[in-house]
Amino acid sequence: MEEFLIRAAQFILAITILVFLHEGGHFTFAKMFGTRVSRFYVFANWKFHLWSSYDNWWRRLRGKEPITERDDESVNFVQEIKNFYYKLTGKKDLIVTKNVGNKKYNDEVGTEYGIGWLPLGGYCQIDGMIDETQTAEKLAAPAQPWEFRSKKAYQRLLIMAGGVMVNFVLALILYSAIFYTWGDKYYALEDMKMGMKFNDEAKSYGFQDGDILLRSERGEFKDFSGNTMRELSKSHDVVVLRNGRECLVPLNGDLNLLSMLKAEPVFCVPFIPARIDSIIPNTPAAKAGMRKGDTIVKLGSKNIDTWTTFSVEVSRMADALTDAKTQRDSTAVLANNVVWKKADGTMDTAMVVFNCVEKDVMLGVVMSRVADFYQPRHDEYTFLESIQKGPAYAMEVLGGYVSDLKYVASKEGAKSLGGFGAMGSMFPTYWDWMVFWKMTAFLSIVLAFMNIIPIPGLDGGHILFLLVEVITRKQPSLKFMQISQNIGMGFLLILMVVANLNDILRWLGVM
């Protein structure tokens with residue numbers, strides 16, 4: 001539970017920062033050109049909100065007169081609870097309403113700042129802009145000087161592009177700050193003297209277990225990451241170090257990256273011997289007498305050379321459990337002979353019955369990691385160097401993300417879509433400021449790109465229509481804009497439902 005809360009806290013904080021700055025970009029340009037912004041909310045305020053600058057308790061605190069009429073769809077959370085209580089007891093509904101545009105309070109016309117309760121984004125409601133916050137009646141009325149639709153095309157273009165610009169610049173700044181503050185710590189592939197562990201597909205192309213990845217015609221391989229796999233998928237000639245000699249492995253330059261990553265085992269991983277880092281108390285491993293520093297060498301009839309091989313065999317056990325009909329069948333699957341090499345070099349063996357916890361088969365060992373076998377490299381950057389490194393790295397991240405989008409149209413790609421749960425899971429289960437800011441920078445650059453896609457309902461859709469207007473010198477009709485907006489929002493809603501449904505199905509173990 002604690003790990004979940006730490007992840008959730010990091011994700012919510014990152015999203016809060018990104019939403020605030022994204023909407024702040026729209027807000028800043030709108031105010032710059034004299035456009036009225038009715039509301040500025042962080043998080044959605046469907047039905048009620050946590051705080052608003054127009055809440056009467058807040059107004060009284062500032063010595064201002066309470067507002068008595070309203071046209072907003074949400075009320076203060078405390079007031080909503082009171083209303084619920086009065087409705088249950090049959091007492092008078094005490095909803096305090098307000099209307100920011102009421103002539104009686106014309107001096108109060110301005111921006112309502114607020115915090116919603118639903119962390120699904122936020123919004124900057126700009127008067128006269130065709131979006132989900134505007135009604136057909138408001139847009140049918142004559143345009144007012146302070147409205148978005150009354151502004152010049154280039155001003156509207158900057159207002160709409162403001163959020164994307166802020167998110168993109170934020171990513172550049174964060175990456176630069178990360179390199180300046182923490183430098184770049186990584187495990188170089190050429191330092192991994194045990195090389196890589198390859199799956200059957202990789203071996204069919206000519207790779208062998210223990211090969212050390214050096215370079216391809218696209219450049220040197222730095223460390224093992226998603227970017228390395230991406231480069232492998234696009235390479236034609238890969239040079240590896242095998243038994244002290246450089247060897248060439250030819251590829252077709254068009255491998256399916258998604259298949260490489262989703263394969264079990266994956267296309268390649270660092271060769272990490274199955275040496276035990278630690279033993280979890282009161283587990284099958286502890287009862288069998290295994291100790292820290294021991295190395296598992298055989299599971300059942302399968303020789304174990306790495307944790308990758310071990311994990312594959314355990315996964316097969318988990319799959320076999322689904323076909324078990326009785327307790328005896330389950331025990332037959334979970335009972336396996338395990339052979340391990342002790343830290344002193346002697347061998348030991350035992351018949352071990354693995355645990356099964358919520359469909360996960362467990363021996364009770366903590367696996368060793370790359371850090372247990374190799375020393376990391378640490379590159380440091382001066383202020384000027386970090387200013388150069390940050391944007392270059394941001395463009396590399398953006399390029400990889402855009403390149404991977406082609407897989408979304410496939411069946412497997414659609415299954416790989418993730419919603420808020422997937423984004424939250426990218427954060428570690430411990431608090432690390434460097435990792436937090438790096439993930440925030442990544443989400444910022446993703447948010448910038450996704451918003452610039454020319455889909456009605458996104459900033460990119462508005463920008464596309466504005467560019468058409470600049471070129472043709474003619475505004476699209478109000479009806480066309482509204483229909484396009486509704487279609488775009490419907491598509492985005494479906495996409496959001498699919499992505500979050502995938503998260504739920506993965507959590508339930510269906511996918």
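User: Leaving aside neighbours within four places in sequence, with which residues is Ser235 in contact?

Analyst: Ser235 is in contact with Ser216, Glu217, Arg218, Leu251, Asn252 and Gly253 once those neighbours are set aside; contact means heavy atoms within 4.5 Å. The model is predicted, with local features needing pLDDT of at least 70 and side-chain atom pairs counting only at pLDDT 80 or more, while totals for chains, interfaces and linings use all residues. Residues are numbered from 1 along each chain as its sequence is written, and side-chain values use heavy atoms, with hydrogens and water left out.

User: What joins the side chains of Ser235 and Ser216?

Analyst: The two side chains are joined by a polar contact of 3.1 Å. The term requires a pair of N or O atoms within 3.5 Å; within protein, one must be able to donate a hydrogen and the other to accept it, and residues adjacent in sequence count only if both atoms are side-chain atoms.

User: Is Ser235 buried or exposed, and what is its relative accessible area?

Analyst: Ser235 has a relative accessible area of 0% and is therefore buried, given that buried means under 20%, exposed over 50% and partly exposed in between (1.4 Å probe, protein chains only). Ser235 is placed in the loop between helix H7 (226-234) and strand S8 (237-242); helices (H or I, at least four residues) and strands (E, at least two) are DSSP runs numbered from the N terminus.

User: Why do S7 and S9 count as edge strands?

Analyst: The open sheet has four strands in the order S7-S6-S8-S9, with antiparallel pairing. Strand S7 (219-220) and strand S9 (245-250) each have a single partner strand, so one side of each is left without a neighbour in the sheet.

User: What makes S6 and S7 a pair?

Analyst: Two strands pair if DSSP finds at least two bridges between them. Strand S6 (residues 212-216) and S7 pair in the antiparallel sense over two bridges, and Ser216 has Gly219 in S7 as its bridge partner.

User: Why is Ala332 called exposed?

Analyst: The relative accessible area of Ala332 is 55%, so the residue is classed as exposed. Ala332 lies in helix H11 (residues 327-334). From Ala332 to Val353 the C-alpha distance is 8.7 Å, with the two residues 21 apart in sequence.

User: Why is Ile272 counted as buried?

Analyst: Ile272 has 9% relative accessibility and therefore counts as buried, although its place is in the loop between strand S10 (268-270) and strand S11 (276-279). Beyond neighbours within four places in sequence, Ile272 is in contact with residues including Asp305, Trp307 and Phe373. Arg369 is also one of these contacts, and its C-alpha atom is separated by 6.9 Å from that of Ile272, 97 residues apart along the chain.

User: Why is Trp431 described as partly exposed?

Analyst: Its relative accessible area is 35%, so Trp431 is partly exposed. Trp431 lies in the loop between helix H14 (420-425) and helix H15 (433-452).

User: How much of the chain counts as buried?

Analyst: Of its 511 residues, 41% count as buried. The chain has 17 helices and 19 strands.
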